[in-house]
Amino acid sequence: MIIGIDVGGTYTDAVLLKQEQVLEKIKTPTIPDDLLTSLLKALEPLLKAAKNNQIDRIVFSTTLITNLIATGNIDPVALVLIPGPGLNPNTYNFNIPDTFILSGAIDYRGREIEPLKEKEIKECLEAVRARGIKRVAIVGKFSQRNKNHEEAVASYFKQHAPEIQTVMGHQVSGRLNFPRRVVTSLLTLATQNRFQEFYSQIQKVLAQRGITAPIYILKADGGTLPFAQAFLKPVETIFSGPAASTLGVLALTPSGQTSVVLDIGGTTTDLALILSGKPLLASRGARINNHLTHVRAFATKSVALGGDSVVQVGPDSSLEILPQRAGAAYCLGGPQPTPTDAMRVAGLITIGDEKRAREAMNKLGSKLKLPAEQTAALIIELMVKRIAREINEMFLAWEEEPAYRIWELLQKQKIRPQNVVGIGASAPAILPLLGKEMGCRALVPPYAEVANAIGAALAKVTLRLTFHFDTERNFYFIEETGVQEKLGVKGQLSLADAEEMAFKWLRQEGEKLGIPPGEEPELVYSEMFNMVRGWTTTGRLYDICVQFPPGILEDWLERREQNA
Amino acid sequence: MPEKTGLVFFPAFDWAISPTHPEREERLLYTKDQLFEEGIMDLPEICEYKARLATFKDIARVHFCVPEIRAQVTEAHLIAAGGTLVLADALMNKEIKNGFALVRPPGHHAMRVVHGNRGFCNINNEAIMIEYLRKKYGIRKIAIVDTDVHHGDGTQDIYYHDPDVLFISFHQDGRTLYPGSGFTHELGGPRAFGATINIPLPPGTTDEGIHYVLEELVLPVLDDFQPELIVNSAGQDNHYTDPLANMRFTAQGYARLNARLKPDLAVLEGGYAIESALPYVNTGIVLAMAGLDYSYVREPDYRKENFIQPPEKMVYIKELVEYLKEIWKNRTSLGQQKQFHEGDFYEQKRSIYYDTDHIREQQWEQIRLCKTCPGYQMITSRGMYPYGTTRTIFAVAIPWQACLNCQEEARGYYQERIKNPQGLDFVYLQDKPHDIYYQFFVEKDCEIQIE
Ligand SMILES: [Zn+2]
Ligand SMILES: [Zn+2]
Ligand SMILES: [Zn+2]
């Protein structure tokens with residue numbers, strides 16, 4: 001049996017699954033500022049329903065990191081940068097008062113072009129100590145291609161000030177983009193201890209209930225990580241909510257299709273895309289606190305439009321839906337007319353007081369000289385049109401993302417969805433109309449109300465490794481793990497050899513995370529560049545990316561197909 | 001006022017002339033590493049755009065391709081040219097204050113008639129962008145400053161008779177470098193005299209020399225000409241580490257040049273020191289165009305003391321600048337003195353060599369000397385290809401400024417040759433006033449309109 005729990009901002013959803021069946025589902029309001037209690041409140045009934053059957057896995061998706069960052073409840077961190085030549089380092093605005101800049105530089109191939117100055121490191125440490133700083137993120141430009149400078153500074157700190165906690169940029173992310181690496185490193189160090197505290201508590205309460213099942217954490221990219229590994233990069237668990245709902249939709253709808261996932265809530269409608277059965281990841285890392293990071297996340301869009309949005313008659317005597325919520329819908333005792341009231345009058349939903357809903361529509365309708373039914377129809381049309389427009393814009397934005405290869409540029413043809421899939425309270429009312437507007441199939445899957453918990457429960461363990469081989473320097477590195485090693489190959493390494501090596505690494509690392517040996521990895525891309533001096537080739541660069549992609553546990557899918 | 005600098009980055013990581021050719025996949029690889037690691041695309045001052053494909057019509061507005069456009073361009077060419085059009089649109093729609101198209105393959109050696117690849121170029125990205133700007137947005141006066149180390153002979157050829165496009169190229173002296181042209185006496189055709197300016201510099205010229213030329217000649221001339229737009233044909237092979245040339249320009253030098261020149265649009269041209277120059281020069285240019293501090297951009301081996309300009313070189317450059325300033329000042333009267341031609345046409349004959357494709361071309365050009373407009377042009381061109389084949393074309397080009405008389409005359413000549421195409425393989429009409437482009441295939445006896 002599997003348990004999935006998604007602790008969202010408003011609701012905590014949880015499911016207990018057995019094979020392809022949902023044995024129990026829970027939806028309960030999240031208690032603000034108390035994630036642990038919220039979580040337990042959802043967990044208890046599931047454990048009861050499981051009786052004494054064995055739990056094979058528990059997956060959590062929480063807003064812990066989001067909350068910590070939003071409330072500023074994170075630990076102070078100092079920044080030691082080794083930026084080298086290029087942009088004036090003061091151009092970057094990290095908002096960290098304790099920032100120290102050291103001499104030293106590495107180039108794009110990982111060659112040292114300027115040494116560190118030991119005197120500066122010494123002075124830096126003295127200043128850090130004088131200010132009573134306990135945590136230091138050390139980040140160098142191109143450190144992912146040569147970690148020596150970062151390691152030299154870190155080991156100096158360790159030797160002379162073992163009480164100071166450090167993190168190095170190359171450990172956090174090896175992707176190109178120094179400022180994002182800086183922000184991601186900062187957030188990693190600032191949340192690590194609190195993340196650890198929270199999950200120690202969880203482990204304790206689970207142990208008290210005799211549960212020994214492995215615990216996984218859902219990440220923003222839709223993969224799960226064993227809890228012990230998540231501690232290294234807690235910030236990757238931010239924004240796991242949209243990933244959970246998208247995976248849930250993936251689990252509940254036909255495979256291989258192109259769909260828009262809509263979560264229509266009270267204040268917002270959240271959109272995500274599934275292209276030919278694969279959730280679309282954002283090309284840039286997630287934006288956290290207005291800073292771009294290296295955190296991989298699903299491409300999502302949040303539109304300020306929901307069932308509780310305020311509807312009014314604008315100055316030009318036309319209806320408008322405002323991007324804010326004033327409270328519950330009028331028919332549920334709220335202060336203002338809302339789309340929910342319109343849906344109630346139109347007979348699309350049955351919740352709330354019909355008389356009050358009609359009252360709300362009449363209030364608006366009297367200004368337009370329209371009866372309540374017609375007013376309601378106009379509001380619903382407005383909402384559907386707006387959502388359709390946002391969906392189209394999301395596809396357009398995807399098409400307009402830069403491409404650096406001919407095939408990439410030519411391949412991004414106009415794609416439009418086959419399905420619109422809705423979850424959330426207003427989904428059943430809106431979806432059929434939206435499907436009609438967009439000319440595609442509208443689906444509200446069974447268990448839509450707990451789709452995110454199902455998504456979390458069924459999410460696969462993922463692993464992605466991006467290799468950069470430099471045969472001239474006889475050297476390779478792995479972006480995600482910070483590995484930087486000599487190739488130790490005699491003669492020229494061929495592209496096929498390099499790919500084989502990449503897959504071997506991936507399988508080995510996958511095993512450590514508990515990815516079953518039968519799981520098939522995929523080649524994301526593989527590119528070769530010749531290095532030419534004069535007119536002869538002196539070496540090659542291979543950029544190879546392999547992964548166990550995000551997705552839904554295979555046996556769930558198989559059983560679902562069999563039952564269908 | 002838009003605040004952002006637009007960038008189109010199209011490194012064409014899957015395109016090369018050949019695996020070891022300087023124009024190969026790897027060329028912008030380290031530039032990508034540097035720009036991306038700096039986080040340039042995330043800066044609030046930068047807006048990145050996706051390239052698109054130029055159409056055949058965009059190309060026909062500039063070129064006569066033999067035997068047809070399809071044979072001269074790959075998808076990479078269409079995307080490189082299309083990338084410049086994306087920025088042209090963004091600029092004219094006021095989304096950006098300026099833009100830099102970091103695209104390959106390059107284009108400034110591609111002339112009006114294209115029999116093949118010259119100097120790594122098939123089609124001229126800047127000219128395609130400029131003709132698009134003129135057609136779509138009605139821009140009239142444009143200045144091109146070619147900062148590539150090689151003479152921009154293709155761009156010069158395309159605008160040699162256009163008084164509304166000022167073409168300024170500084171480059172390493174043609175006696176010491178490909179393509180062997182770009183001398184001070186090349187000053188434009190009879191109706192566009194002075195609208196072409198060439199500044200051949202001695203090998204070894206440093207930042208000091210190039211900035212002197214910029215401050216004392218290029219900027220004052222631009223000030224006089226008052227173009228609506230300035231385009232930088234931004235080659236980076238003046239750099240001191242470039243393997244194909246011998247100049248001493250630095251990343252700081254390139255950055256400062258762009259900060260002073262303030263081009264509205266810059267288009268990448270040559271530059272083949274792909275490790276030691278391009279990552280730094282491109283970063284410098286982008287920062288300068290975006291108005292950001294570029295003073296931290298520096299090549300790893302840069303030492304100030306290695307870049308002192310020998311005094312005798314400075315003397316030479318100063319004299320050159322004085323000489324060209326005089327010509328610019330007196331261009332109108334000098335132009336009139338040079339026009340001693342009797343009759344309705346000015347004619348010139350020349351031969352052109354295509355280094356990459358080993359093609360020889362012979363060209364006979366006639367320019368209609370009209371009292372009211374810059375006149376139309378007729379070109380007879382014979383390409384002699386390796387293995388002995390040849391192709392001969394006749395092409396009529398009607399500029400967008402042409403008077404109604406000239407337009408009618410020119411169309412008449414095209415019609416006449418279609419009816420009487422002996423000795424020709426293809427006949428072309430480039431009718432810019434109508435924005436219509438025809439190619440007539442003699443063997444198939446069929447005319448197509450290029451879309
Ligand atoms: Zn030039
Ligand atoms: Zn060049
Ligand atoms: Zn005329």
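These legends walk through close-up views of a predicted model. Local features need pLDDT of at least 70, side-chain atom pairs count only at pLDDT 80 or more, and totals for chains, interfaces and linings use all residues. Residues are numbered from 1 along each chain as its sequence is written, chains are lettered from A in the order in which they are written, and side-chain values use heavy atoms, with hydrogens and water left out.

**View 1. Helix 11 of chain A packs on helix 13 of chain A.** Helix 11 (residues 372-399) and helix 13 (residues 427-438) pack at an angle of about 60°, with axes 9 Å apart. Helices here are DSSP runs (H or I, at least four residues), strands are E runs of at least two, and both are numbered from the N terminus. Axes are lines fitted to C-alpha atoms over the stretch in contact, and angles run from 0 to 180 degrees between N-to-C directions. Helix 11 of chain A is therefore oblique to helix 13 of chain A; angles under 35 degrees count as roughly parallel, over 145 as roughly antiparallel, 65 to 115 as roughly perpendicular and the rest as oblique.

**View 2. Side chains at the contact of helix 11 with helix 13 in chain A.** From helix 11, residues including Ile380(A), Met383(A) and Ile387(A) meet residues of helix 13, among them Ile430(A), Leu433(A) and Leu434(A). Contact means heavy atoms within 4.5 Å.

**View 3. Arg131(A) and Asp98(A) form a salt bridge.** The partners lie 33 residues apart, with Arg131(A) in the loop between helix 3 and strand 9 and Asp98(A) in the loop between strand 5 and strand 6 of chain A. Arg131(A) is partly exposed, at a relative accessible area of 47% (buried is under 20%, exposed over 50%, partly exposed in between, with a 1.4 Å probe and protein chains only).

**View 4. Arg296(A) pairs with Asp221(A).** In this salt bridge the closest N and O atoms are 4.0 Å apart, and the two residues are 75 residues apart in the chain. Arg296(A) is partly exposed at 23%, whereas Asp221(A) is buried at 11%.

**View 5. Arg325(A) pairs with Asp308(A).** Here the closest N and O atoms are 2.9 Å apart. Arg325(A), in strand 20 of chain A, is partly exposed at 43%, while Asp308(A) is buried at 12%.

Key
Salt bridge = Lys/Arg side-chain N within 4 Å of Asp/Glu carboxyl O.
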